[in-house]
Amino acid sequence: MALFDVATAAVEAALAAGARYADARVMSRRYESMSARNGEIEDLTQQEDTGIGVRALVGSSWGFQAVPDLTEKAAREAGNAATAIAKASGLVAGPALDLVPTDVRQDTWTGPCAVDPFAVPMSVKGDLLVSVTRTMKDSGADQAEALYQLWEQRSWFVSSEGHRIEQKVVKSGGGISATANGEFETQRRSYPCYRGQYGTAGWELVEQLDLPAHAAQVAAEARELLTAPECPSTTTDLILGGEQLALQIHESVGHAIELDRILGWEAAFAGTSWLELDKLGSLRYGSELMNITIDPTVPGALGSFGYDDEGTPAVARDAVRDGIWVGVLAGRDSAAVAGLDYGGSVRSDGWARLPMVRMTNVGLEPGPHTLDEIIAATDDGVMMETNRSWSIDDKRLNFQFGTEIGWEIKNGVRGRVLRNPTYTGIGPLFWRSMDMLSSETVAWGTPNCGKGQPGQTGHTGHPAAPARFKGVRVGVRS
C-alpha cells in the first residue's frame, strides 16, 4: 500500500471503533554516528526503522498504539487498539477535550540539505575524525575525541480532519573535545560546544564547522586550564558566550514555557514550571532586552520543520516580548484547556512515541551591541563559555551552571583564563539583570533534550548571542 493509504486505514479504523478524532504518522528514520578517540575510530552506529503511530481521542482521553508493520491489516488493528486504550482511559477522566482549530493542509515539505550526509563516503568521514583527534593529541591533549551524528526522517501524516502531509528532514552536525589530565584534576575544552553543533542541514554543516582549524587551539586551552587560577567566589558582572546562553534559554525559559508543565500534565520527568497561566501577558520575565521567540521556521536551525506532529503549520510566535511573558509552547489539546488559540509545538521521538509538547527553536532575538563592546563596557567581571555542567530545580526556577572556561574582565579588557567557572541564580531575577546583548547570533542546536515517560529525545534549536548580566553570583563558596 502507499504510505498515505496505510495511515488513512489506521485513522478510518480508529473512527469506526468510536474515536471522535484520530491521526496517524507513518515514519521512516535513518541514523548514523561515528566517533574517534586519539587517532582511532572508536564507534560506528547505523540504524534504520519504519513504523506507524496512531492517536485516537475519546472524550477527554487519548489512546496511542504503534506498530512496525505497514500492512493495511496491522494499521487497522493499531487504529482499533488506540481507540480501545482511549476508551479505557476515559473511565476515570473528565469532560470532553477540545482541540484548537488548525489549517487543514495537503502538502509536502522538505528541509534544506545541500550535501546528502549519508552519501558522503565513510572513508571521508572517518579520515576527518581521525585527523582532528591526532592533531589534538599532538597539541597536548591526553584524550582527544571527535564525533558526528546524522539523521534523516520522512513522515506521512493523516488526520480525520483531512490532513495529508509528507515531510523529509535531514539533520547533521559534529564536534571535537580535548581533555588534559593534571595531578589533581582534569580539564576539557570543546568546539564548537559540548558534544557538537547541529542543525537541519546536510554534510555542508560539518564542513562549515571546520573542525581541523580549531583542533590545536582546543587542546592548548585544555592544557592551559590545568594551571589557570580558580574562578573567584564573588558577586560580579557576568558575560555569557552564545553557546552557554543557548543552554540557559533551554533550561530556564524553554522548559518553563511548555504548557503541559504549566498545567501540571508533565511532572514525572524534570518537573513542572514556576509560571502561572493567569500571569501570561503581564509577568516580567526579564529586562526589556529579553525578546524570546518560538520559531520553527528559522532556516537551518535544529528545531525547524514545516508542520508539527499534529499537522499544525510552522509559525513564529513571541514567548517573551520586551521582557514580558506573552507566549507558550502548546499543543492543540493543552491550548484549548488553557483558553489559547494556537498550538504548533507538538512532536514525537519517532513513530513509536506519543507526540507531546516540545521546544522548537526557542531563541533570543539579537541585541544592539557586539561582544567587543560588552567587554569594553565591563569594569569588573567574568566571561564564561561552553557548558560543562547544569542543574536546575523541578520548577525551572533556581539553577547552577558550570562552564569549561572563564576569563577575568578588568577595566574593559579580557585578561587571564579562569578554571572551573560556575554561576548561579534565580530565573526571572537573572533575566531581569541582562543589560547588554550582542547582535552576533548563532542558532545553536541541542540534539539530546529529554522529556516524557517512556523517555523521548527531542531536537531543539536556540538562537543566542553573548550577553551581560549584572550582579551574578559566580564561583563556589568555601
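The model is a predicted one.

Start with the rings. Across the whole structure there are 13 aromatic pairs. One of them joins Y31 and W151, whose ring centres are 5.7 Å apart; the planes meet at 45°, so this pair is classed as tilted. Y31 belongs to strand β1 (residues 21-37) and W151 to strand β5 (residues 143-159), so the pair ties together parts that lie 120 residues apart in sequence. Both Y31 and W151 are buried.

A second pair consists of F399 and F430. Here the ring centres are 5.3 Å apart and the planes stand at 85°, so the arrangement is edge-to-face. F399 sits in strand β17 (residues 398-410) and F430 in helix α10 (residues 427-432), and the pair links these distant parts of the chain, 31 residues apart. F399 and F430 are both buried. The two rings also belong to one aromatic cluster, which is formed by F399, F401, Y423, F430, W431 and F469.

R30 lies over the face of F118, at 4.1 Å from the ring centre. R414 takes up a position over the face of W407, with 4.6 Å to the ring centre.

R30 leads on to the charged pairs. Side chains of opposite charge can pair when their charged atoms come close. The structure holds 35 salt bridges, and R30 takes part in one with E152, where the closest N and O atoms are 3.9 Å apart. This bridge links distant parts of the chain, with E152 in strand β5 and R30 in strand β1, 122 residues apart. Which of the two partners is buried, and which is partly exposed? E152 has a relative accessible area of 12% and is therefore buried, whereas R30, with a relative accessible area of 27%, is partly exposed.

The side chains of K410 and D380 meet in a salt bridge at 2.4 Å, N to O. K410 lies in strand β17 and D380 in strand β16 (residues 380-392), so the bridge ties together parts that are 30 residues apart in sequence. K410 counts as partly exposed at 40% relative accessibility, and D380 is partly exposed with a relative accessible area of 38%. Elsewhere, salt bridges that share partners join R188, R189, E221, E385 and E404 into one network.

Two polar residues show what such side chains touch. N387 lies in strand β16 and is buried, with a relative accessible area of 3%. Its side chain makes a polar contact with the side chain of Q244, at 3.2 Å.

Is D237 buried or exposed? At 11% relative accessibility, D237 counts as buried. The side chain of D237 makes a polar contact with the side chain of K470 at 2.9 Å, and also reaches the backbone nitrogen of G471 at 3.5 Å. With neighbours within four places in sequence left aside, the residues in contact with D237 include D380 and F469.

C113 counts as partly exposed, at 34% relative accessibility, whereas C231, at 6%, counts as buried.

Note on methods. Residues numbered from 1 in each chain as written. Predicted model: local features only at pLDDT ≥ 70, side-chain atom pairs only at ≥ 80, totals over all residues. Heavy atoms only, no water. Phe/Tyr/Trp six-rings, centres within 6.5 Å; stacked < 30°, edge-to-face > 60°. Helix = DSSP H or I, 4+ residues; strand = E, 2+ residues; numbered from the N terminus. Buried < 20%, exposed > 50% of the residue type's maximum accessible area, 1.4 Å probe, protein only. Lys NZ or Arg CZ within 6 Å of the ring centre and 35° of its normal. Salt bridge = Lys/Arg side-chain N within 4 Å of Asp/Glu carboxyl O. Polar contact = N/O pair within 3.5 Å; in protein donor to acceptor, adjacent residues only side chain to side chain. Contact = heavy atoms within 4.5 Å.
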